[in-house]
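Hi,

Here is the structure I said I would pass on to you. Have a look at it first, and then read my notes below.

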Amino acid sequence: MSELIRSVPSYFSSLTARRQIADLGQQVGRASQEISTGLKTDIYQALGRRSAEAIELHGRADRNDGFLSSNSMLRGRLETAASGLAGIRDAAQEFLDLAVGNRGDKGPSVRELQTAARAALDRILPQANLAYNGKSVFAGVDSGTIPLV
């Protein structure tokens with residue numbers, strides 16, 4: 001029995017030594033990796049209390065990236081809308097110049113004005129039905145439909 005009592009402390013000391021050796025091996029492995037790469041293996045442990053600031057900065061950077069991508073999409077949508085409106089304005093202005101210029105003297109006939117109006121409308125419809133990323137630009141909240149038919 002006394003032999004058993006003497007062997008228990010030596011067993012625990014041996015077990016403790018094994019654990020310490022394994023921990024030291026892991027620490028040496030991490031240190032060699034950090035030295036070879038120049039980067040910390042656990043950045044948040046290295047920062048300590050300042051790790052919350054790093055997490056917050058990462059969140060802000062992600063949010064800024066989201067703003068940048070949504071702003072670039074909005075810029076493209078607005079550029080598409082601006083070009084569509086310019087085309088609509090040009091087509092309508094050509095017809096208005098013809099119609100208003102002949103208001104006093106009955107130059108072109110009614111049928112010619114109707115033909116010019118139809119041609120202007122045929123030029124306006126494709127511009128009003130422009131799409132950006134598969135969604136109609138001038139459809140409002142119901143962007144999955146064609147605004148003018």
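Let's start in a loop: Asn 133 sits between β1 (131–132) and β2. The strand names, like the helix names, come from DSSP runs numbered from the N terminus, where a helix is H or I over at least four residues and a strand is E over at least two. Asn 133 has a positive phi of about 55°, although it is not a glycine. Is Asn 133 buried or exposed? At 57% relative accessibility, Asn 133 counts as exposed. For that label, buried means under 20% relative accessible area, exposed means over 50%, and partly exposed is in between, using a 1.4 Å probe and protein chains only.

Before you go further, some ground rules. This is a predicted model, so local features need pLDDT of at least 70 and side-chain atom pairs count only at pLDDT 80 or more, while totals for chains, interfaces and linings use all residues. Residues are numbered from 1 along each chain as its sequence is written, and side-chain values use heavy atoms, with hydrogens and water left out.

About that confidence score: pLDDT is the predictor's confidence in each residue, from 0 to 100. The protein has a mean pLDDT of 84, and 89% of its residues reach 70 or more. Where is confidence lowest, and where is it highest? It is lowest in helix α2 (residues 43–47), with a mean of 75, and highest in α3, at 91. Where pLDDT is low, the predicted coordinates should not be read in detail.

Now the overall layout. The protein has 4 helices and 2 strands, and along the sequence they run α-α-α-α-β-β. Of the 149 residues, 11% are buried. Take the contacts (heavy atoms within 4.5 Å) between residues at least 6 apart in sequence: 46% of them join residues at least 24 apart.

Ile 55 belongs to helix α3 (residues 51–101).

Next, the salt bridges, meaning a side-chain nitrogen of Lys or Arg within 4 Å of a carboxyl oxygen of Asp or Glu. How many does the structure hold? There are 4 salt bridges, and these are among them:

- Glu 56 pairs with Arg 60, the closest N and O atoms being 2.7 Å apart. The two are 4 residues apart in helix α3, so about one helical turn separates them. Glu 56 is partly exposed at 41% relative accessibility, and Arg 60 is partly exposed at 42%.
- Asp 90 pairs with Arg 89, with 3.9 Å between the closest N and O atoms. Asp 90 is partly exposed at 39%, whereas Arg 89 is exposed at 54%.
- Glu 94 pairs with Arg 123, and their closest N and O atoms are 2.7 Å apart. This pair links distant parts of the chain, with Glu 94 in helix α3 and Arg 123 in helix α4 (residues 110–128), 29 residues apart. Glu 94 is partly exposed at 47%, and Arg 123 is partly exposed at 40%.

Last, two threonines to click on. Thr 80 lies in helix α3 and is buried, with a relative accessible area of 16%. Which residues does Thr 80 touch, leaving out those up to four places away in sequence? They are Leu 130, Ala 131, Tyr 132 and Val 137.

Thr 145 is in the segment after β2 (135–136). Thr 145 is partly exposed, with a relative accessible area of 34%. Not counting residues up to four places away in sequence, Thr 145 touches Ser 136 and Ala 139. The C-alpha atoms of Thr 145 and Ala 131 are separated by 10.0 Å, and the two residues are 14 apart along the chain.

Cheers
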